[in-house]
Amino acid sequence: MIENIRLSFQGIVGHKMRSFLTMLGIIIGIAAIIAIVSTIKGTNDQIKNSLVGAGTNVVNINTQINGMEVLPDQGVDMSRLPIISDDDIEAIKQIDGVSDAAKYHKCVEYNGITYKNKSDLSFNMIGCDADYLTINGYQITKGRSLVADDFKYFRNVCVLENSAVDSLFDGVDPIGQVIELKGIPFTVVGLCNKMDGDFNMTLSGPEEWYTYFGYENQSIMVIPDSSWQEVYYYDQPYQLVVKAKSTEEMASAGKKVADYLNDMIKTSKKDSEDTETVKYRSENTLEKAKELQDLSSATSRQLIWIAGISLLVGGIGVMNIMLVSVTERTREIGLKKALGARRKVILGQFLTEAAVLTSLGGILGVIAGIGLSYLISKIATVPVSISIPAIVVSVGFSMVIGIIFGLIPSIKASKLDPIDALRYE
């Protein structure tokens, strides 16, 4: 085998240009597949990181009907939902898999916010307790967060997300500025930004933004829940945000908390059978990420099949050049057979040569694919994540192509009659 490999490299070096052109189809096919897989894997990792929360392990427990989130301002009767007390929060923190929890109110405010002469402002309004921002992975970038005295003395203060600052304040320092929420003044005391790890999703337009993330990624305006009733005049049930101890426990921890809250709902037997009853349900962000990844992967599989065509073309090129090689070396084959070489020796030599040729093309294709992946990342500003399994499979697959397409020429060489081969001119 070692001798066959040595002879194969001698043949490749002896016909450099011919060997390179033969490998070119393999190189292009493998490079295309590596680039596609790396780009898709990077995008999938980013989707999961963005939705799951970059390792913050946060699960939202929302009020839902038939799996659709509903809010009090949508005219749904939520009078039977429990009032979640601080004692309930402490009990939820003791549930297996739960690390921390916070309660909050939420609604989307479209027209009730004004700042100076600006009134066409919309925010995701959050009325929360003191732990909400920390559990949700927000960090204060300027000013301060909500503090205990804000809740104790019913202060009308707010924290804004950084994304709202440029369009709202036109370069003015936002700290200390007053925003009116339904005519009630709130003083900006801090700015926050969500910690999303090393990934920053780059999308080409608003349509893609809403496809991936929906309205949840409008800028948020956070106020103390102690001020919520002053603005909205009616009691609202709390939503919950739960931090799981690990990413793997997110789904189970969220379900356990939702079950705990649903057990507190006072319902009759008829209500329990009614699908229109409002209940708490955890958002399975891992499932959301999987759905988007499956959509992305379905597209990538089609691209990989297209790239695979070049591998087929490359394999045909290998078979063609090996047939030429058999013809060129007919006398050599005849001489070896005359000296006692068996068919399997001749077959092994030519199969080895074909496998070495395509494997070398596969290695060069991997190198080209990695370079192409980073080039695409630079030009198109998309994330890449090099897949080691894809590299190993690609090189192995290129070797298999060499064996498959080199089989016919090798069999032809092994079946040559030594006398006819020696007479060949």
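**View 1. Strands E1 and E11 pair in the antiparallel sense over four bridges.** E1 covers residues 58–65 and E11 covers residues 279–282. Strands (E, at least two residues) and helices (H or I, at least four residues) are DSSP runs numbered from the N terminus, and two strands pair if DSSP finds at least two bridges between them. The model is predicted: local features need pLDDT of at least 70 and side-chain atom pairs pLDDT 80 or more, whereas totals for chains, interfaces and linings use all residues. Residues are numbered from 1 along each chain as its sequence is written, and side-chain values use heavy atoms, without hydrogens and water.

View 2. Four bridges link E1 to E10 (residues 239–244), and the two run antiparallel. Val-58 has Lys-243 as its bridge partner in E10.

**View 3. Eight of the eight residues of E1 are buried.** Buried means under 20% relative accessible area, with a 1.4 Å probe and protein chains only. In a regular strand the side chains alternate between the two faces of the sheet. Val-58, Asn-60, Asn-62 and Gln-64 point one way from E1, and Val-59, Ile-61, Thr-63 and Ile-65 point the other way.

**View 4. Helices H13 (residues 343–380) and H15 (residues 407–414) pack at about 150 degrees, with their axes 8 Å apart.** Axes are lines fitted to C-alpha atoms over the stretch in contact, and angles run from 0 to 180 degrees between N-to-C directions. Contact (heavy atoms within 4.5 Å) involves residues including Phe-350 of H13 and Ile-411 of H15.

How values were computed
Buried < 20%, exposed > 50% of the residue type's maximum accessible area, 1.4 Å probe, protein only.
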